[in-house]
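Please look at the sequence and the structure before reading on.

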Amino acid sequence: MINTSVISEELRLKSVDLINQRVLITNFNNSTQKNDFTLPPNCEGYGRIRHFKRGITNEKWIANPLPIDPVSKALSLDSADLIKAQVFQLASCNWRCWYCFVPYNLLSANPQYAGWLSAEEMIDFYMNLEERPKVIDLTGGQPDLAPEWVLWLIKELEIRNLADEVYLWSDDNLSNDYFFRYLTEADRDYISKYKNYSRVCCFKGFNEESFEFNTSASRDLFKSQFYHFERLFSIGLDLYCYTTFTSPNVKGIGRDIAFFMDELQKIHENLPLRTIPLEVQIFSTVSPRIKSIHEEAIKVQYTAMEKWREELQRRFSSTMLEKNIADVPMRRIN
């Protein structure tokens with residue numbers, strides 16, 4: 001079992017250079033992760049182009065409008081089913097989700113597979129691209145082991161006069177309070193007021209058992225995810241959610257999905273409408289980890305998805321269900 005608090009502090013020390021305002025970024029050139037890329041790595045190996053697609057690969061699942069719809073609305077782009085993003089990936093994560101498409105050796109702040117970059121250097125790489133995507137995606141790993149990363153990128157985008165034309169999108173696995181522990185109130189306020197930034201937070205399961213199974217972290221931290229999300233919501237960040245429904249146990253799944261949605265609605269009644277379940281699929285980096293229990297868990301996610309849909313239908317009107325996710329009213333104004 002992962003000791004989340006201990007490993008988080010250890011990885012933070014290896015991933016953030018506060019004096020020089022740099023973070024440890026994965027270099028994909030010598031990684032097996034690049035085997036799953038549509039395009040080869042860019043930015044001398046420190047970046048890649050990600051294709052966010054709305055379409056579904058399985059009729060049992062739903063489309064994924066993130067971050068397509070928030071970006072399109074903010075930048076006044078035409079509606080689309082695909083959007084490209086320039087990705088930079090933090091080289092550390094404090095959990096080990098078995099379905100993660102990132103090889104574990106890229107999640108331990110290993111300098112063999114990573115290098116130090118400042119926000120200025122990242123934007124230099126971005127500006128040198130022949131075709132620049134409208135989105136910069138800060139992913140991981142767990143980007144919030146280095147909450148300064150978002151702040152530094154926002155300031156650099158403003159310095160370069162890119163704030164109105166580039167959308168910043170970042171991930172958060174809701175595993176820590178570093179956004180509040182290591183940033184000042186002024187820093188947090190600065191981020192929350194930046195108009196072209198959104199954060200997607202991933203709930204790793206729908207109950208304590210699925211959470212522990214998915215992350216290898218203590219099941220006690222399942223409830224902490226809601227606490228961390230509510231704190232982020234309370235300061236006015238524009239937030240969306242992912243969730244994964246893989247579980248080793250199908251028993252009581254309807255009850256547990258209903259409870260999960262109850263917990264989301266305690267934060268805001270419309271939060272389930274800003275929450276997108278992610279279908280777990282097997283990438284080449286994941287295949288060696290798969291055992292029979294994981295194969296069963298993949299099947300369970302489809303039963304959970306059915307229950308999720310039923311709960312949405314029961315709790316929301318057709319008008320609300322048909323809303324563009326970026327138009328679902330939820331953002332708290334400071």
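On a 1 Å grid over the protein atoms alone, a cavity is a set of points where a 1.4 Å probe fits but cannot get out, a pocket is an open set with protein on both sides within 12 Å along at least five of seven lines, and lining residues have an atom within 4 Å of a point. The model is predicted, with local features needing pLDDT of at least 70 and side-chain atom pairs counting only at pLDDT 80 or more, while totals for chains, interfaces and linings use all residues. Residues are numbered from 1 along each chain as its sequence is written, and side-chain values use heavy atoms, with hydrogens and water left out.

A search of the whole structure finds one cavity of 30 Å³ or more. Its lining is formed by Asp144, Asp172, Leu174, Asn176, Asp177, Phe179, Phe180, His228, Arg231 and Leu232. Two or more of these residues come from each of α5 (178–181) and α8 (221–234), helices being DSSP runs of H or I with at least four residues and strands runs of E with at least two, numbered from the N terminus. The largest share, three residues, belongs to α8.

Ala, Val, Leu, Ile, Met, Phe, Trp, Tyr, Cys and Pro count as nonpolar, Asp, Glu, Lys and Arg as charged, and the others, Gly among them, as polar.

| Space | Volume | Lining residues by class |
|---|---|---|
| Largest cavity | about 60 Å³ | four nonpolar, two polar, four charged |
| Largest pocket | about 1400 Å³ | 25 nonpolar, 13 polar, 10 charged |
| Second largest pocket | about 450 Å³ | 12 nonpolar, three polar, five charged |

Of the 48 residues that line the largest pocket, Arg50, Phe101, Leu278, Glu279 and Phe283 lie nearest its centre. Strand β3 contributes the largest share of that lining, six residues, and at least two residues each come from β3, β6 (135–139), β7 (167–172), β8, β9 and β10.

These strands belong to an open sheet of seven with mixed pairing, in the order β3-β4-β6-β7-β8-β9-β10, where two strands pair if DSSP finds at least two bridges between them. Its edges are β3 (48–53) and β10 (275–278), each of which pairs on one side only.

In the second largest pocket, lined by 20 residues, Ile62, Ile276, Leu312, Leu321 and Lys323 lie nearest the centre. Here α10 supplies the largest share, four residues.

Notes
Grid points are joined across faces, edges and corners, and a volume is the space filled by probe spheres set on the points.
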